[in-house]
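Biologist: Could you take one part of this model and walk me through it slowly, explaining each term as you go?
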Amino acid sequence: MSRTHTPSQSVFITGASSGLGRGLALELGRKSYRLALTARRLDALEELAREIRNQSGNENVIVRKLDVTDSQAVWDVFHECAHALGGIDIVVVNAGIASRAAARTRTFHQAEQVFQVNVLGAVATIEAAMSYFTERGHGHIVGISSVAGLRGLPRSAPYSASKAALAVYLESLQAELGRSDIDVTILYPGFIDTAMNRDLPRRPFVISLERGSRILARKIERRVRSSTVPTIPWGILSRVFKLLPTRFLSGLR
Ligand SMILES: NC(=O)c1ccc[n+]([C@@H]2O[C@H](COP(=O)([O-])OP(=O)(O)OC[C@H]3O[C@@H](n4cnc5c(N)ncnc54)[C@H](OP(=O)(O)O)[C@@H]3O)[C@@H](O)[C@H]2O)c1
């Protein structure tokens with residue numbers, strides 16, 4: 001796609017208090033984007049905003065407490081941030097949780113929590129952004145799915161299904177919006193070193209948070225339609241992954 005973002009634009013990020021959201025905020029902050037950073041932990045967001053100001057002198061950073069499972073709050077905070085920043089150009093739907101448990105021990109509540117945050121929280125964010133971008137006539141929605149959403153992985157039924165749901169929701173938007181001025185990007189990270197996966201026994205092809213954040217920022221700036229992160233090896237592996245019979249996936253537990 002030929003259009004790219006310019007650093008004077010503003011970005012709304014959910015789940016910016018740690019991990020990929022935080023890394024992306026630091027990366028985009030360095031490039032002078034105006035930032036609206038949201039999550040439930042306000043103290044972590046305030047510390048992040050200070051770090052961005054100290055690191056790059058970027059004063060255009062606002063932080064807001066937001067639990068994405070509260071759909072009314074998502075709508076209110078999104079519009080309040082749009083007003084405070086003088087507009088929002090890019091929305092990164094990033095807030096997410098993981099839950100790993102064997103099917104025999106998993107509870108409905110664990111699955112429900114994952115769907116509340118990763119699916120309904122994401123949909124609330126996407127719909128607030130869609131309504132706002134439709135009125136403005138342009139915008140860019142970025143969803144952070146996962147390579148785990150490409151197949152149902154063992155011990156990860158809620159997480160894999162939630163990430164597949166987010167990707168397909170955005171794919172449907174892409175199909176519907178066609179070549180309009182509202183772009184949709186679907187990103188499928190492999191393992192990037194964050195609190196979400198640090199306790200896993202194996203993290204194949206794991207990359208540092210700094211590298212992962214740089215790649216995410218680059219792909220967002222280029223407005224790619226969809227991509228794994230990093231492209232290699234996950235771009236190739238994801239194609240193989242989709243063809244594997246489920247009995248081969250059981251080795252990934
Ligand atoms: N790291 C990876 O390898 C990897 C791979 C594929 C996909 N992803 C996806 O990347 C996204 C970020 O994950 P991460 O690895 O950076 O994990 P992380 O470090 O645990 O960060 C998760 C973020 O989501 C926020 N969050 C959780 N529940 C929330 C809620 N109810 N409302 C608002 N914010 C909430 C957390 O902030 P608060 O607790 O302050 O609210 C935190 O900022 C997730 O969607 C994850 O599925 C990560």
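Modeller: The buried residues of helix α3 are Val74, Val77, Phe78, Cys81 and Ala82, where buried means that 20 or more other C-beta atoms, placed from the backbone, lie within 10 Å of the residue's own, and exposed means 12 or fewer, with partly exposed in between. This is a predicted model, in which local features need pLDDT of at least 70 and side-chain atom pairs count only at pLDDT 80 or more, while totals for chains, interfaces and linings use all residues. Residues are numbered from 1 along each chain as its sequence is written.

An α-helix has 3.6 residues a turn, so residues three or four places apart point the same way. On the face of α3 turned away from the buried side are the exposed residues Gln72 and His83.

What covers the buried residues includes the strands β1 (10-13), β2 (34-39) and β3 (61-65), together with helix α4 (108-136); helices (H or I, at least four residues) and strands (E, at least two) are DSSP runs, numbered from the N terminus. Ser71, Val74, Trp75, Phe78 and Ala82 in α3 meet Ala124, Thr125, Ala128, Ala129 and Tyr132 in α4, contact requiring C-beta atoms, placed from the backbone, that lie within 7 Å.

After α3 comes glycine 86, whose phi is positive, near 75 degrees.

Key. Contact = placed C-beta atoms within 7 Å.
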